[in-house]
Amino acid sequence: MAEDDSSQEKTEEPTPKRLEKAREDGQVPRSRELTTSAILIAGSVGLFVLMPFMSQRLLDISRYNFSLDRRVVFDPALMVQQLAHSFADALWSLVPLFSILLVAAILGPIALGGWLWSVKAMAPKASRMNPMEGLKRMFGVKGLIELVKAVAKVLLILSLAILLLVSMQQDMLELANQAVNPAIVDSFKLAGWAAIALSAITLFIVILDVPFQMWDHSRKLKMSRQDIKDEMKDSEGKPEVKGRIRQLQREMANNRQLAAVPEADVVITNPTHFSVAVKYDPDTMQTPIVLAKGVDFFALKIREVAKANDVQIMESPVLARAIYHTTDVDQEIPAGLYMAVAQILAYVFQLRNYRKGKGERPPFPRNIDVPEEMRFDP
């Protein structure tokens with residue numbers, strides 16, 4: 001395809017084949033902001049919901065480790081066992097949160113572009129390791145957009161953080177007047193709501209980034225008119241290639257027909273422009289069939305093969321044209337030609353017996369009856 005032809009403006013929308021190939025190559029719209037936002041929101045909400053469970057487990061672990069038996073303190077092996085047990089409990093208390101983060105990390109990318117597993121996308125590319133290409137990406141349009149997004153995220157989160165500090169100022173000051181346990185619980189709640197709010201603010205970046213990524217993906221796959229023409233040639237086949245294929249197919253079909261001519265009972269000719277080879281076996285066939293047919297040069301080849309294999313050749317221009325135009329190879333003779341073909345075959349079979357010394361020489365059939373609707377005049 002003329003994909004790199006700079007003289008052609010890429011103004012056409014990508015074809016379904018181009019989109020499918022891009023997907024096979026791992027080129028689908030993706031938004032890192034969407035994935036990041038999904039993980040942050042899921043993590044902060046999950047942490048807020050699971051906080052009572054996790055805090056209780058961590059409190060139990062603390063009690064377990066601060067109330068040591070004297071025997072454990074003086075036995076290094078028991079201390080290691082205690083540490084391993086505490087580590088397993090702490091890890092188990094984090095499993096629900098890690099599960100939520102894992103689901104968010106999977107759903108975030110496939111929310112835009114769908115599920116995709118591409119070996120080509122994971123294959124190493126020299127352009128990714130080229131420093132100059134890396135600098136182009138850093139200082140190109142996309143790099144500038146990424147910088148703008150990063151600055152926007154910082155400003156948004158910083159602005160929201162300041163608003164949260166101002167709005168929660170009174171609640172945070174009241175924590176000093178509470179008992180320790182209620183103060184800890186309330187401080188966790190304040191921190192949880194703040195984390196959810198700070199995570200949710202990233203949705204504003206996502207709302208801007210997702211349409212841009214879809215537009216950028218479509219822009220990269222745009223095609224020029226020459227690209228579309230080349231794709232059509234590749235999918236439908238170039239005319240010269242298709243012509244060559246048709247020629248080879250004709251040659252193969254002709255060779256199969258010529259190979260069947262020696263099995264024919266008679267070859268009926270025009271005498272020069274048409275030739276049809278007909279076979280009839282009363283024991284296995286209900287009606288005669290055409291083994292081969294051709295015009296001009298191929299008609300001559302049929303006659304040559306028939307002569308070389310002692311197949312009877314008979315001239316009947318009207319019947320030869322009628323069979324050629326009404327019957328395909330390996331098909332039965334149409335009912336309208338039964339009588340005419342029967343006259344020819346009867347003569348051939350009687351002539352065959354005569355040559356074996358049986359009976360008299362049959363007269364050549366002169367008045368072969370071909371229906372008017374099956375006559376094809378030259």
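Student: What should I know about the model before we start?
Tutor: It is predicted, so local features need pLDDT of at least 70 and side-chain atom pairs count only at pLDDT 80 or more, while totals for chains, interfaces and linings use all residues. Residues are numbered from 1 along each chain as its sequence is written, and side-chain values use heavy atoms, without hydrogens and water.

Student: What volume does the second largest pocket have?
Tutor: About 430 Å³. A pocket here is an open set of points on a 1 Å grid over the protein atoms alone where a 1.4 Å probe fits, with protein on both sides within 12 Å along at least five of seven lines; lining residues have an atom within 4 Å of a point. The volume is the space filled by probe spheres set on the points, which are joined across faces, edges and corners.

Student: Which residues are closest to its centre?
Tutor: Met51, Ser55, Ile184, Val185 and Phe188, out of 13 lining residues.

Student: And which element gives the largest share of the lining?
Tutor: α2, with eight residues. Helices are DSSP runs (H or I, at least four residues), numbered from the N terminus.

Student: New topic: which residues are buried in α8?
Tutor: Gly143, Glu146, Lys149, Leu160 and Leu164. Buried means under 20% relative accessible area, exposed over 50%, and partly exposed in between (1.4 Å probe, protein chains only).

Student: Where does Gln226 lie?
Tutor: In helix α12, residues 225–236. Gln226 counts as partly exposed because its relative accessibility is 27%. The C-alpha atoms of Gln226 and Glu9 are separated by 9.3 Å, with the two 217 residues apart along the chain.

Note on methods
Helices (H or I, at least four residues) and strands (E, at least two) are DSSP runs, numbered from the N terminus.
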